[in-house]
Amino acid sequence: MRLLFALAAKHDWNIDHLDVCTAFLNGDLEEVIYMELPEGYDIKGESNKVCKLRKSVYGLKQAARSWNKKATEVLKGLGYRQTCSEPCIYTKQKGNSIINIALYVDDFFIFHNDNVEVENLKRKLQQCFKVKDLGPVKKCLGMEVKRDRAKKTIKLTQTQYLNNVLKRFNIPNETKPVSHPMEPNSKLKPLPKSRKSTENLDNVPYQQAIGSLMYLAVCTRPDISFAMTYLSQFNTCYTREHWVLLKRVLKYLNTTKDVGIVYSQNDDQLEGFSDADWGGNLDRRSFSGSVFKLSGAAISWRCKKQRTVALSTTEAEYMALSETAKEAIFLRKLWFEICNKQITIPIFCDNRGALAIAKNPVNNDRTKHIDIRVHFIREKVESKELSVHYIPGNQLVADGC
């Protein structure tokens, strides 16, 4: 979705929002399913009968899948092509006319530059389903979409959701401002098993807060991505110290509640950034961070603890670079299917040693132990699908993740 919003800002596409009423009732069933008569449906002499379902209903395990197949069938019948890399995106290009449809459960988000064709699409969809035309998109998956046509920008925020989260966890508006989510080099230990019986944490909603903030971290707030990855390690072994640090993240969000992602119309190309610390966790494993930018803002980001212990900073950075390459390959395929254009995605890293390993297939004593699954980035660099470049650490935006 963020890739489509970035492209919409870049090319000044319109974005329309359609909502399908009772979407799951439109699905066609392939199985034979019987259902007990609904409560209150009583006919004399027929109390022992059951219903045979012809259509899907809410509550069936296959209801969502049946609806998705029905929607795909209708869109394909209208000439739209389903993308392979992301099956819920449908595209149609004819001459200068470009229409991309993103289907999320019962919502159609239409990114386009052809109002006539889209009006025709809406009429045909209304013939197949009960559809509400919500006009230009204002909300998308819990995100508020603010468009400034004069400045040609699109801003994604979650202010309303964040206000509800802050209210739920009793963070007042007049809280002292906090400038960053975590103190540098914060080190936390899990609660020892011997203290579990004496530590009174029954009234601390730690897991609920982690779950609530995780949605922010994956939608519009990459700046708390590392903090949430780090703190979520302690979901079952937290102490008061962990809760204090989590409340700091809440206070930081209270200070920056209107911060969001702003896409603008510019000539920026899709590019990635990769970074890692070294042995930053107490178990000596490192954290990988990656960010992909388009139209002046992030469209994809990730922070993840590495599976194995890296023996050097170069190895930690190289493992992070390989994880970043996986996302780059997916984005490259999706870009080709949406834009019908092959691109080489540059990935920037601040470790020259990791870049040398990625470009040079020579093994030596210091690198031959690295798992072969990490080395696939070499093939992608050789095939020109990706390119890797050095960038100074103070310019590396992935450092924030």
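User: Which residues form a nonpolar patch on the surface, and what is their accessible area together?

Analyst: This is a predicted model, so the values here are computed from predicted coordinates. The patch on the surface is nonpolar and is formed by Val 32, Tyr 34 and Val 50, with an accessible area together of about 330 Å².

User: In the open sheet of 4 strands, which strands stand at the edges, and why is one side of each left without a neighbour?

Analyst: The order in this open sheet is β9-β10-β11-β12, and the pairing is antiparallel. Each edge strand has a single partner strand, so one side is left without a neighbour in the sheet, and the strands in question are β9 (139-140) and β12 (261-264).

User: Which residue in β12 stands opposite Ile 154?

Analyst: Strand β11, residues 153-157, pairs with β12 in the antiparallel sense over 4 bridges. Within β12, the residue that stands opposite Ile 154 is Tyr 263.

User: What angle does the direction of helix α1 make with that of β12?

Analyst: Helix α1, made of residues 2-11, packs on the sheet and touches β9, β10 (143-148), β11 and β12. Its direction makes an angle with that of β12 of about 40 degrees.

User: In the open sheet of 6 strands, which strands stand at the edges?

Analyst: The sheet is open, with antiparallel pairing and the order β4-β5-β6-β7-β1-β8. Two of these strands have a single partner each, so that one side of each is left without a neighbour, and they are β4 (81-82) and β8 (131-136).

User: Which residue in β5 is the bridge partner of Arg 81?

Analyst: Strand β4 and strand β5 (residues 89-94) run antiparallel and are joined by 2 bridges. In β5, the bridge partner of Arg 81 is Thr 91.

User: At what angle to β7 does α1 run?

Analyst: Helix α1 lies across β1 (14-20), β5, β6 (97-104) and β7. Its angle to β7 is about 30 degrees.

User: How many residues apart are Phe 5 and Phe 111?

Analyst: The structure holds 11 aromatic pairs. Among them, Phe 5 and Phe 111 form an edge-to-face pair, with 5.3 Å centre to centre and 80 degrees between the planes. Phe 5 is in helix α1 and Phe 111 in strand β7 (residues 107-112), so that the pair links distant parts of the chain, 106 residues apart.

Notes: Residues numbered from 1 in each chain as written. Predicted model: local features only at pLDDT ≥ 70, side-chain atom pairs only at ≥ 80, totals over all residues. Heavy atoms only, no water. Patch = residues over 30% accessible without salt bridge, like charges linked within 9 Å, V, L, I, M, F, W, Y side chains within 5 Å. Areas by Shrake-Rupley, 256 points an atom, 1.4 Å probe, with all protein chains shown as cover. Salt bridge = Lys/Arg side-chain N within 4 Å of Asp/Glu carboxyl O. Pairing = 2+ DSSP bridges. Contact = heavy atoms within 4.5 Å. Axes fitted to C-alpha atoms, helices over the stretch in contact; angles between N-to-C directions. Phe/Tyr/Trp six-rings, centres within 6.5 Å; stacked < 30°, edge-to-face > 60°.
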